[in-house]
Amino acid sequence: HLNNSDAPSAAYVYQKCQELCIPTITLSRYAAYGCPIPTAVLDNLKKTEHMVVNNIVNVRTASINELWKKVNMPTSDTRREKLPPRCNRLWFCQTFLGRDDVETDGASPIMSHVEKLNMYDPLALLCCVPAYREAHFRMETVTVNGVPQSVVGLSQDQTGIVDPEVLCAELFSLFRLAFLRSLQNICKRRVAMQRTSMDF
């Protein structure tokens with residue numbers, strides 16, 4: 001979807017990377033579809049009471065509700081902005097609700113019906129780390145000018161995800177560890193500041 005939002009610019013970047021012999025790894029939407037994240041993951045992360053988690057949940061809820069409104073609009077409606085025609089009501093329900101339809105109109109909030117989410121950025125980040133890339137992803141690679149150009153997820157049947165359940169568990173573990181460590185660091189700083197103020 002990101003490449004399709006500005007296809008000429010995306011094509012230019014790929015062309016220049018190939019000319020300059022820069023290797024690339026492209027994570028397609030099929031990879032994200034191959035590892036949907038249950039909404040229960042966010043619910044469990046909220047237990048950390050981290051402000052960033054609360055913000056993620058609020059932003060995600062708003063964006064999902066907004067997307068729901070757009071997919072219910074005609075494909076010719078300019079309010080859909082750059083949303084591809086394939087992203088319609090049926091696509092939304094199958095992708096996020098795990099069913100073909102729901103008894104909710106396009107103007108009503110939909111988040112309470114959502115069962116799974118696609119998290120492109122966390123998957124892309126893991127792809128950048130060799131150990132995680134080798135453990136969780138299968139890439140199709142071609143060589144251009146002696147440099148590998150790789151894609152994760154060629155189709156709905158070839159998602160490039162080794163084991164969705166294992167990868168989902170890995171993501172949750174990393175998320176939780178990051179947020180808990182962050183809270184621990186905040187607590188340490190507050191204790192240090194309190195001790196410093198007592199010294200005065």
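Where does histidine 50 lie? In this predicted model, local features need pLDDT of at least 70 and side-chain atom pairs count only at pLDDT 80 or more, while totals for chains, interfaces and linings use all residues. Residues are numbered from 1 along each chain as its sequence is written, and side-chain values use heavy atoms, with hydrogens and water left out.

Histidine 50 sits in the loop between α4 (39–45) and α5 (51–71); helices (H or I, at least four residues) and strands (E, at least two) are DSSP runs, numbered from the N terminus. Its relative accessibility is 5%, so histidine 50 counts as buried (under 20% relative accessible area, with exposed over 50% and partly exposed in between; 1.4 Å probe, protein chains only). Beyond its neighbours within four places in sequence, histidine 50 is in contact (heavy atoms within 4.5 Å) with Phe179, Ser182 and Leu183.

Turning to the strands, an open sheet of mixed pairing has the order β1-β5-β4, where two strands pair if DSSP finds at least two bridges between them. Because β1 (24–27) and β4 (140–144) each have a single partner strand, they stand at the edges, and one side of each is left without a neighbour in the sheet. Strand β5 (residues 147–152) runs parallel to β1, joined by four bridges; leucine 27 has valine 152 as its bridge partner in β5.

The cysteines complete the picture. The structure holds zero disulfides (a disulfide being a pair of cysteine sulfur atoms within 2.5 Å). The sulfur of cysteine 35 is 5.6 Å from its closest cysteine sulfur, in cysteine 168, which is too far for a bond.
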